[in-house]
Structures are given as structure tokens and as C-alpha cells.
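Please open the structure in your viewer and display the whole chain as a cartoon.

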Amino acid sequence: MTIHQGLLANLVDDIGMFRLELVLHHLNISGEKLASLLALDGCNDIETFINTEPHKTIMKQSVALIDKVDEWCSSKANAIDWFISEPIPALGNVTPRNAVLSGNYKALNEYIDAIALGGYA
């Protein structure tokens, strides 16, 4: 899956930098929850951090996956909780967040696509 450019266009400014207030509004979370989502607990300048590589890519991937499972989870809050804490057996029991942080976005995305097509979790 290519990360949906329409989604990103709603979360970034005209030079492609994530706007923290737009991200927080889109996900309906606090800055503290976003820091937890991205394993940035204690970070004082989240907006700068999410706009530097590799964190910008991690941000794009995380939002795309949360949006992808939002409907299945019945809410953004549940999708975020899933992303942070649900171990995925097919990926060695790592959480979606840890899969993304360790560079396994593609495998996680393929896993989600397989479930969407009727596969088993």
C-alpha cells in the first residue's frame, strides 16, 4: 500500500511538514498520547521530532495504519489502543507500533490487507 496522499495533505503544511495541531485533531488525541503512540514519552518538542527522519516516515506509517483499522476497531481511540498494545502473532507477537518502529511496516500492512480479504488474525 502506498500511503494515501490525500490523508497526508490534510495533516501537513505547504512544504510537507506535519502540523501537530492537525495530527492531534485527526487522531482525536493529546500531545502526550501522540508521544506514547510514537514511543516518544518525555519528548518536549513533538512537532520538530515528527518532522525529522526517520520519525516523519514512522508518523506517516502510523497514521495510515490507524486510519486503515479505524472502522474495524469502531473508533480512533480503539484503533490507537490496538496499535499500541495488541500483539500480532504473525509478526512474532510484536505490537503494530513496535513493528513500525522496527521497520516492519510493509509486513504489518500486508497482514492487515490479508485480514481485510478474509484471512485469519
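**The whole chain.** Please bear in mind that this is a predicted model. Along the principal axes, the C-alpha trace spans about 40 × 30 × 25 Å. Of the 121 residues, 40% count as buried. Among contacts with a separation of 6 or more, 49% are between residues 24 or more positions apart.

**Helices α5 and α8.** Next, select residues 55-73, which form α5, together with residues 105-116, which form α8. Their axes come within 11 Å and cross at roughly 15°. An angle under 35 degrees counts as roughly parallel, and α5 and α8 are therefore roughly parallel to each other. The crossing of α5 past α8 is left-handed. To view the contact itself, show the side chains of Gln61, Ala64, Leu65, Lys68, Val69 and Trp72 in α5; these residues meet Tyr105, Leu108, Asn109, Ile112, Asp113, Ile115 and Ala116 in α8. By class, this contact has nine nonpolar, two polar and two charged residues.

**Thr95.** Finally, select Thr95, located in the loop between α6 (76-85) and α7 (96-101). Is Thr95 buried or exposed? Its relative accessibility is 11%, and because buried means under 20%, Thr95 counts as buried. Beyond its neighbours within four places in sequence, Thr95 is in contact with Phe83, Ile84, Ser85, Glu86 and Pro87.

Key: Residues numbered from 1 in each chain as written. Predicted model: local features only at pLDDT ≥ 70, side-chain atom pairs only at ≥ 80, totals over all residues. Heavy atoms only, no water. Axes fitted to C-alpha atoms, helices over the stretch in contact; angles between N-to-C directions. Helix = DSSP H or I, 4+ residues; strand = E, 2+ residues; numbered from the N terminus. Parallel < 35°, antiparallel > 145°, perpendicular 65-115°, else oblique. Left-handed = near helix turned anticlockwise from the far one by under 90°. Contact = heavy atoms within 4.5 Å. Nonpolar A, V, L, I, M, F, W, Y, C, P; charged D, E, K, R; others polar. Buried < 20%, exposed > 50% of the residue type's maximum accessible area, 1.4 Å probe, protein only.
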